[in-house]
Amino acid sequence: MLKIKFLVIAVAISFAGILSSCYYDYGIDPNDSNIVVTLYDNTYNFFFFSKYILSDTVKKIGNASITSAYDNLILSTVTTNLNNLGWTSTTTEGPGVVRVGTGITTSTYTVDYNDYYWYGGGYYWGYPYYGYDYTYSYTTGTIIIAIADPNNVSGDQQPVEWSGFLNGVTGQTNPNSLITSGINQAFSQSQSPYLH
């Protein structure tokens, strides 16, 4: 079973946090944090890939109670993309076989917004103008896809050769189309040409 390194998970969670900190203004919801990022080892020869072993479980990272409602969609969309690359599903490790794992994590962000002003005039320090403040929260869900070569082991670790992160997709009311389009984008020729 593919073990996603803690470093990759930390990057994903930190990435989600960085995205949330960019949105100071009000009216922010998960729609504003949808983004697809792919990372890869540029020293690895991806042309050796021809077969894959896909874990049949979407790991719940950091919270075992994360919904499993999207697991089948995630796994079937990843499978379709791997097959479209010309790779063949297998259950046996060997040369040219990679392991593919998926995971999901969620984060809830709370934003406090205030709109207070000071009105100054003449020789006075000014008077406070009391505006308004409010607090709102939104949840983003990050889907992680990782590809590792079981024949490329560094000590007791298995380096991840390629990873895709879909941020913000599972925090929405009906994320199915975003999950599908996001995974398709991660595997696309324009975003991951080295896989083609």
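A: One term before we start: buried means under 20% relative accessible area, exposed means over 50%, and partly exposed lies in between. Also, this is a predicted model.

Q: Take Arg-99 then. Buried or exposed?
A: Buried, because its relative accessible area is 18% and the cut-off for buried is under 20%.

Q: Which side chain does Arg-99 meet in a salt bridge?
A: Glu-93, with 2.6 Å from N to O. Glu-93 itself counts as partly exposed, at 42% relative accessibility.

Q: How many salt bridges is that for the count?
A: The count comes to 2. Besides Arg-99 with Glu-93, there is Asp-71 with Lys-60, at 2.8 Å from N to O.

Q: Where do Asp-71 and Lys-60 sit?
A: Asp-71 is in helix H2 and Lys-60 is in strand E2. They are 11 residues apart, and the pair links distant parts of the chain.

Q: And how covered are they?
A: Asp-71 counts as buried, because its relative accessibility is 13%. Lys-60 is partly exposed, with a relative accessible area of 22%.

Q: What about Asn-72, buried or exposed?
A: Exposed, at 64% relative accessibility. Asn-72 lies in helix H2.

Q: Back up to the fold. How many helices and strands?
A: The chain has 3 helices and 6 strands. In sequence order the pattern is α-β-β-α-β-β-β-β-α.

Q: What share of the contacts comes from residues 24 or more positions apart?
A: They account for 74% of the contacts with a separation of 6 or more.

Q: And burial overall?
A: Of the 196 residues in the chain, 44% are buried. The accessible surface is about 11,000 Å², and carbon and sulfur atoms hold 53% of that.

Q: Now the core. How many residues are in the largest nonpolar core?
A: It has 29 residues. Trp-87, Trp-162 and Phe-187 have the most contacts inside it.

Q: Which elements give two or more residues to this core?
A: Strands E2 (51-60), E4 (97-119), E5 (127-148) and E6 (160-167), plus helices H2 (71-84) and H3 (176-187).

Q: What does Phe-187 touch?
A: Leaving out residues up to four places away in sequence, its partners include Val-78, Leu-82, Leu-85, Ile-145, Ile-147 and Trp-162. Asn-81, Leu-195 and His-196 are also among them.

Q: And Ser-188, where does that one lie?
A: In the segment after H3. Ser-188 is buried, with a relative accessible area of 18%. Its side chain reaches the backbone oxygen of Gln-185 at 2.7 Å. Beyond four places in sequence, Ser-188 touches Pro-193 and His-196.

Q: Last one, Asp-149. Where is its place?
A: In the loop between E5 and E6.

Q: What is the nearest side chain of opposite charge to Asp-149?
A: Arg-99, 9.0 Å away. Asp-149 is buried yet has no salt bridge; the rule asks for a side-chain nitrogen within 4 Å of a carboxyl oxygen.

Q: What does the side chain of Asp-149 reach?
A: The backbone nitrogen of Asn-151, at 2.9 Å.

Q: Which residues does Asp-149 touch, not counting those up to four places away in sequence?
A: Tyr-44, Val-97, Val-98, Gln-158, Pro-159 and Glu-161.

Terms used: Residues numbered from 1 in each chain as written. Predicted model: local features only at pLDDT ≥ 70, side-chain atom pairs only at ≥ 80, totals over all residues. Heavy atoms only, no water. Core = buried A, V, L, I, M, F, W, Y, C linked by side-chain atoms within 4.5 Å. Buried < 20%, exposed > 50% of the residue type's maximum accessible area, 1.4 Å probe, protein only. Helix = DSSP H or I, 4+ residues; strand = E, 2+ residues; numbered from the N terminus. Contact = heavy atoms within 4.5 Å. Lys, Arg positive; Asp, Glu negative; His and termini not counted. Polar contact = N/O pair within 3.5 Å; in protein donor to acceptor, adjacent residues only side chain to side chain. Areas by Shrake-Rupley, 256 points an atom, 1.4 Å probe, with all protein chains shown as cover.
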